Amino acid sequence: MSDPTDEICNHSSNEHFAQVLARSQQAGLSRRQLIRGGVGLAAVGSLPLLAACGGGDDPAPTAPTAPTATQLGFSAVDKALLDDVILPAGYTYSVLHATGDTIDPLTPAYSNQGTEADDWANRIGDHHDGMDIFFINAAGNYTTQDTGRAVLAVNHESSADAHFFHARGQTTNGVNGKKFSQFGGWDLGTRLESEVLKEINHHGVSLVEVNRSSTGAWSYRTDSAFNRRVNGQTVMRIAGPAAHLNDIRAFMATQYDPSGATSRGTLNNCGHGKTPWGTYLGCEENWAVYFFMPNGSTPVDAKTLASRARYGVARVPLSGTATAAGSQGWSAVASAATDDRFGRWNVSASGATAADDFRNEPNTFGYNVEIDPLRPNAQPAKRVAMGRFAHEAAVCSIPVEGQPLAFYMGCDSRNEYIYKFVSTAVWDPADVGRGMAAGDKYLNEGKLYVARFNDDGSGAWIELTKAAVDALTTPYTAYTFDNQADVLVNARHAASALGATKMDRPEWGAINPKNGEVYFCLTNTNLSSRGVMATDAANPRAFRDSDGNAGSGNPNGHIIRFKEAAGASTAVAFTWDIFLFGAEEDAGAGINLSGLTASNDFSSPDGLWFSQATGICWIQTDDGAYGDVTNNMLLAAIPGEVGDGSAITVNNSLDGVTKATPTFLGAALGETRLRRFLTGPVGCEITGLTESPDGKTIFVNIQHPGEDTVALGAAADFTHTSQWPSNAGYGPGSRPRSATIVIRRTDGGVIGV
């Protein structure tokens, strides 16, 4: 999820994807020849299969059977505005856990009145997002085999929406009656220590043991030794390439740890990743809005300001006053605490050096955070080699023994980029279960790339190095890099310098297990965020939302996919097309380019997940453009492959301006291969999905139901726009709560087919 109030931080002159598409028509035939000639496509029979099925006491590795689903086996659910989870006939759901639930038997049950003390280190966090499952063998170690006993790791993304876990809520006092705290102004007139501690501690990741009963039902244990929270105060190790580690730590030096070897906390964990060796990657997304420089504070140097400007850190207060507007207000708390748990969010240069204050604190966020779910005492690590930006998912290529691993990552802001990290180490299945030691082997040393999409349907991966920036004929003037560590910490600047292609909010990615192709959601954009790109529209459409809910541009988003040359993780070339365009069914053929119907139309694709059991591509939405017609949803799709469609031309007409924009569109799926599977409660986002290996259970996250509940103000209680999941029989009270649900078929069959 990306905060809808995010300002655009990419003001480079790099081409937007829409500009690339606008030149592509002339190259259509050559692209077709390129694809059929095999630049980016390998024969299915030669595609690499998963070699990482062993480790510990697992059976010997065997090649999995490629998913074979060719059509969907459920009736599409209708669009709905109901305050519940709606599923097809023959399916049922239960709530596994929700915001505030205890993970410790000594912690009281949640009241759902916001009256709890600061015990959120022992409670499920808020804003459930990305997640994955890690099975436990008889010895208590990670296994790739389904044992019916596992640790479920769940991200908790934000504190900016509808603070139902505070007694009176934390809301705003005059910005359109909304709840976004970053505008400043709280119901009690200031930030309370008790409130802020809750917010810091509900962020991060919840790790809980889950068990499957003899009937196939899943539940979580409150008394498991595996249960723990990784939150906004957890100590993290700063990890990176050995040759640059000292330089990296210089960027991390703060009053807390002048050596820069450690930092505190992880924030805004949105999308996620799962490593082949069995660890979890919590991806830090909208972390920049938590920092603040009060009016009159000591300014930082020009280089630091240039770095912050590219990331949206410590922006000018919206109110122009000395309040903590433009942030969460965490630095405004007056406290007797001696560990600077609140002062560290004030990033002014108050000390003699960076080691004497917290000016470098923003440099310690924006990474993939590796966590070992089955070793509660293992210290999490921030993997700096994978770059610093607004991370949205880190999906791993299909592991091939003896070959490097590739991790694909989106930077979730408008006009940002798609990245790839390729490990130096080659994959060894013996590393399954080796935890953080394997992470040090594969994630500290490697090459970081950014994507450029060419107008002929090909693409290139550009390696981010200081040498490449220094070799530019036209120098990059927005930022000057001191060393390679600077490139990794300021990856957005490096990507802009080297000519990456601007994209429309790259969010979740996913790998098709059948052929290794990579899919990315480009959730949406608007004309105001494109600046000079306005006349080029967005990837490649330019239209006005007919309902007036989302303005002009590409309010419905789309999904792009690409195929690495020869299917190799190390490839520096790829071919691409657009898998699906989001659209309202009645938008017209010039907008509804994928031919969506009432059974499968959608807007703002956000989450992606491929089932390893069936090959179904699950698509989750986080949308405001279609909210007058339907709540957010989960769809199931059966994709083909890159190049299975054709070149098309989109004829745009907006505000008296017309433009023909060529692009490449995948084969139409129709209702047989694309259907709506679920609609969620009022105001929620559908996000995060994982499954049991047999495909008979899927876990889905429901984030921030009741998001649009207005400010509490002087009222005695909220007038909730949602009361889920209490209205579905789960938990006390009526305040809405984020939650993880478990979906099964009533006949015990495989989901979706």
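Helices (H or I, at least four residues) and strands (E, at least two) are DSSP runs, numbered from the N terminus. With that in hand, welcome to this predicted model, where local features need pLDDT of at least 70, side-chain atom pairs count only at pLDDT 80 or more, and totals for chains, interfaces and linings use all residues. Residues are numbered from 1 along each chain as its sequence is written, and side-chain values use heavy atoms, with hydrogens and water left out.

**The whole chain**

The protein chain has 11 helices and 36 strands. Of its 753 residues, 63% are buried, meaning under 20% relative accessible area, while exposed is over 50% and partly exposed lies in between (1.4 Å probe, protein chains only).

The predictor's confidence in each residue is the pLDDT, from 0 to 100. Its mean over the protein chain is 86, and 83% of the residues reach 70 or more. Over residues 171–185, however, the pLDDT is below 50, and it also stays under 50 over residues 531–538. Where pLDDT is low, the predicted coordinates should not be read in detail.

| Helix | Residues | Cover includes |
|---|---|---|
| H3 | 193–202 | strand E4 (149–156), strand E5 (204–212) and strand E7 (228–230) |
| H6 | 435–443 | strand E8 (235–239), strand E11 (280–284) and strand E12 (368–371) |

Helix H3 is mostly covered, with 8 of its 10 residues buried. Among them are Glu 195, Val 196, Leu 197 and His 202. Following H3 comes Gly 204, which has a positive phi, near 100°.

In helix H6, the buried residues are Gly 435, Met 436, Ala 438, Gly 439, Tyr 442 and Leu 443. Seen down the axis of H6, these buried residues fall within an arc of 150°, so they line one face of the helix. That arc is the one spanned by the directions from the helix axis to the C-beta atoms.

**A look at Gln 255**

Gln 255 sits in the loop between helix H4 (245–252) and strand E9 (262–264). Its relative accessibility is 37%, so Gln 255 counts as partly exposed. Leaving aside neighbours within four places in sequence, Gln 255 is in contact with residues including Asp 340, Ala 354 and Phe 358. The C-alpha atoms of Gln 255 and Glu 361 are separated by 9.4 Å, although the two residues are 106 residues apart along the chain.

Terms used:
Contact means heavy atoms within 4.5 Å.
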